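Got your viewer open and the chain loaded? Let's walk through it stop by stop, selecting as we go.

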Amino acid sequence: MTIIHNLGFPRAGAQRELKRSLEAYWAGQASQEELLETGRALRAHHWDVQSKAALDLVPVGDFAWYDQILEWTSLLGVVPARFAQSDDAPVSLDTLFRMARGRAPSGTPVAACEMTKWFDTNYHYIVPEFTPGQTFRIAREDLFEQIEEAQALGYKVKPVIPGPLTWLWLGKGDAFKGVADPGKLALLDALLPVYEQVLARFKTQGVEWVQIDEPVLALDLPEQWQEAFRRVYQDLNQSGLKLLLATYFDDLHENVELLTDLPLAGVHVDAVRAPAVLQAVQAILGPEQVLSAGVISGRDIWRVDLEHLSQSLQALKLDLGERLWIAPSCSLLHVPVDLRSETGLDAELKSWLSFAVQKLDELKLLRGLLDGTLDEAGQQAVQTQQAALKTRRESKRTQHPAVQAQMANIDQFRRQRAPFAQRIDAQRNKLNLPAFPTTTIGSFPQTTEIRTARRDWRGGALSDAAYEKAMQAEIEQVIRFQERIGLDVLVHGEAERNDMVEYFGELLGGFAFTQNGWVQSYGSRCVKPPIIFGDVVRVTPMSVAWSAYAQSLTERPVKGMLTGPVTMLQWSFVRDDQPRADTCRQLALALREEVGDLERAGIRVIQLDEPAFREGLPLRKGDWQDYLDWAVDCFRLATSVVSDATQIHTHMCYSEFNDIMPSIADMDADVITIETSRSNMLLLEAFEGFEYPNHIGPGVYDIHSPNVPDKDWMLRLIQEAAKRLPAERLWVNPDCGLKTRGWAETEASLLAMVEAAKVLRAAA
């Protein structure tokens, strides 16, 4: 029979059990043992789910308390000196949490490690920090204990670990210049022996197969990194274990040659993103090597055409026999857990969807089709799925005539504004802002009172009028607070918004929403990505009334806050029956109408957040320009409807910008705000080297940590920024929105930020 396996399962729980347990522990409301018990229960449940789907191998090591890369970094004992980790003591769970978020129930608060996007996904990993002469050791036992847990429950396990080259590539250090710096490869001499020790431990535990993830093979690798693969896997092959090298997220292109004659038991590839990769890898396989075909998407929520997929794999099956394995394309971390809990979706739309549990069911059915072993129930399940796909193809609900007419004439819409030098003079005259103007990114703390009001309103316990009054009260509180502390450009605080994408999607046509479709973004942060199933159309103004009300309360400018088209695309599950660029342009047209209405309502500053702009960049540079062309076009399509005197802001966070600066400049936002506090202003090197022409707000307050920065810390960061960029172009702001922070830390941090700006103005 064909082997089926899984690369990883969502770890947060169908009801976000891990999130709740983590936050209770961090807040001192639960013990560490209670947290550990939650982890044990979740792992046991997830292994049981996968076992019932008839997986031949169950992954272990896909669970993480915060992030899987941080777990591995901690296991290897790579803890920056500021965390005061003893050279021979185990790395504790609280040290891991301090590395992730700067604070834990025990240990001294300290600056957290940098966080950035995991390849082209909306998942964030904690960046390893290296020093010259970095040492490595086995410093945590969690992974080995989890293997014992699974084995004690009777499962045949497959440990999942990051590959050494991917892990090194993702890390940073003051001695190294960027992720591609070949100098990091010198660390292999000390690193590989510890990998060998880990594999030896697996061997003593009775493990047969080990999955080693090397998604870096989907990138353009410099020659020295390519050459390192042979050395690394010759060394790791000494373990006597069967190594399955797993890569995903794109094609291998020339990197497929790196796998030739490597002493691997098998190779996993992403045949959803790159169907042709199967034949390319098949051609270089040795006579005993396994080809694991990732044919069920781990990145979207659409059901697959099982009959077509089975037919497309028949030739491989005939050639490879039992050496053909099938699996999801990547870890199922990126999709919700179980469709069965979605009772609010209509039956037709629900029949088009597949979450993690259903994807494992699809995998089982696909094996039955390939092997000719489907029973009557399986045959009926396939027929039901094929009928649902036919219904989707023929459905009229995915099309909107007015949107189709706009798309047919898309080139008629203006994308060009006057030159920035001309615009900024008009904006200065209108806004009359001081030097180093202060603002925030948009959201303020989402308190229990706000969430309760929203819940009661949605449940019918609070009338529309009462809900509006409650939100207006929250808006007024936020406006008065900002006036009191002296911020220059205010925001309304976004009390009415559940999520920066979901909120707008609920007011647009072509979107659907889940009740429990949670996906982990980082740590305890989970989001419910909307589902774009049809043409996107603006049905009603979405933010105008709230922004206009806020502006009516103050003489200071209030920013209208919108989520940009690229981020709405990237942070949704997007229809796969038309090009993503077309869907993004539909979003841009809808937002263009909203931007125009905001300006007509008297809003003089409008921000379209695009934190996912870099995230959407294809992994291969050869594919970049096409994406950048339509992504920039969509932003300008959405924003170029305003007059020169209306100031357009955008916000980007936790991304590397160096290699796409021309496109960021082409977006032509009047002000861009970015994350720089965790990276100690290093991200500004991109804007400095490119001589970015417009205004920029480098974040000085890391909102993903509960630590409160003091005035001197923020002042130092802005002074560092002023060494790199003209002071007259600099704004002062946090890294990101304040939704997840408490009011006490928010007030203290923003007060310090305003005071730092005053010092800068006095010295100017």
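## First stop: helix H1

Select residues 17-26, helix H1: seven of its 10 residues are buried, so the helix is mostly covered. Buried here means under 20% relative accessible area, exposed means over 50%, and partly exposed is in between, with a 1.4 Å probe and protein chains only. Helices (H or I, at least four residues) and strands (E, at least two) are DSSP runs, numbered from the N terminus.

Before going on, a word on what you are looking at: this is a predicted model, in which local features need pLDDT of at least 70 and side-chain atom pairs count only at pLDDT 80 or more, while totals for chains, interfaces and linings use all residues. Residues are numbered from 1 along each chain as its sequence is written, and side-chain values use heavy atoms, with hydrogens and water left out.

Now colour the buried residues of H1: Leu-18, Lys-19, Ser-21, Leu-22, Ala-24, Tyr-25 and Trp-26. What do the buried residues of H1 pack against? Show helix H2 (32-52) and helix H4 (93-101), and you have the partners. Contact means heavy atoms within 4.5 Å. Then click on Gly-28, which follows H1 and has a positive phi, near 80°.

## Second stop: helix H19

Jump to residues 544-552, which make up helix H19; Val-544, Trp-546, Ser-547, Ala-550 and Gln-551 are buried there. An α-helix has 3.6 residues a turn, so residues three or four places apart point the same way.

Start with Glu-615 and Lys-117, whose side chains meet in a salt bridge at 2.6 Å, N to O. Glu-615 sits in the loop between strand S17 (605-609) and H22, and Lys-117 in strand S3 (residues 115-117), so this pair ties together parts that are 498 residues apart in sequence. Both Glu-615 and Lys-117 are buried.

Next, pick Glu-208 and Lys-242: their salt bridge has its closest N and O atoms 2.8 Å apart. Glu-208 is in the loop between helix H7 (188-204) and strand S6 (209-213), Lys-242 is in strand S7, and the pair links distant parts of the chain, 34 residues apart. Buried or partly exposed? Glu-208 is partly exposed because its relative accessible area is 31%, and Lys-242 is partly exposed at 36%.

Then go to Asp-670 and Arg-417, a salt bridge with its closest N and O atoms 3.0 Å apart. Asp-670 lies in the loop between H23 and S19, while Arg-417 lies in the loop between helix H14 (401-408) and helix H15 (420-431), so parts that are 253 residues apart in sequence are tied together. Asp-670 and Arg-417 are both buried. For a network, select Arg-538, Glu-593, Glu-594, Asp-597 and Arg-600, which are joined by salt bridges that share partners.

At 1% relative accessibility, Gln-427 counts as buried. Which residues does Gln-427 contact, leaving aside neighbours within four places in sequence? They are Arg-417, Asn-432, Asp-644, Ala-645, Thr-646, Gln-647 and Asp-670.

Select Asp-668, a residue other than glycine with a positive phi near 60°. Asp-668 is in the loop between helix H23 (661-667) and strand S19 (671-674), and counts as buried at 17% relative accessibility.

Now try His-253, which has a positive phi of about 50° although it is not a glycine. The loop between strand S7 (242-246) and strand S8 (266-270) is where you will find His-253. At 41% relative accessibility, His-253 counts as partly exposed.

## Last stop: Thr-131

Find Thr-131 in the loop between strand S4 (124-126) and helix H5 (142-152). Draw a C-alpha to C-alpha distance from Thr-131 to Val-78: they are 53 residues apart in sequence and 9.4 Å apart in space.

Note on methods:
Salt bridge = Lys/Arg side-chain N within 4 Å of Asp/Glu carboxyl O.
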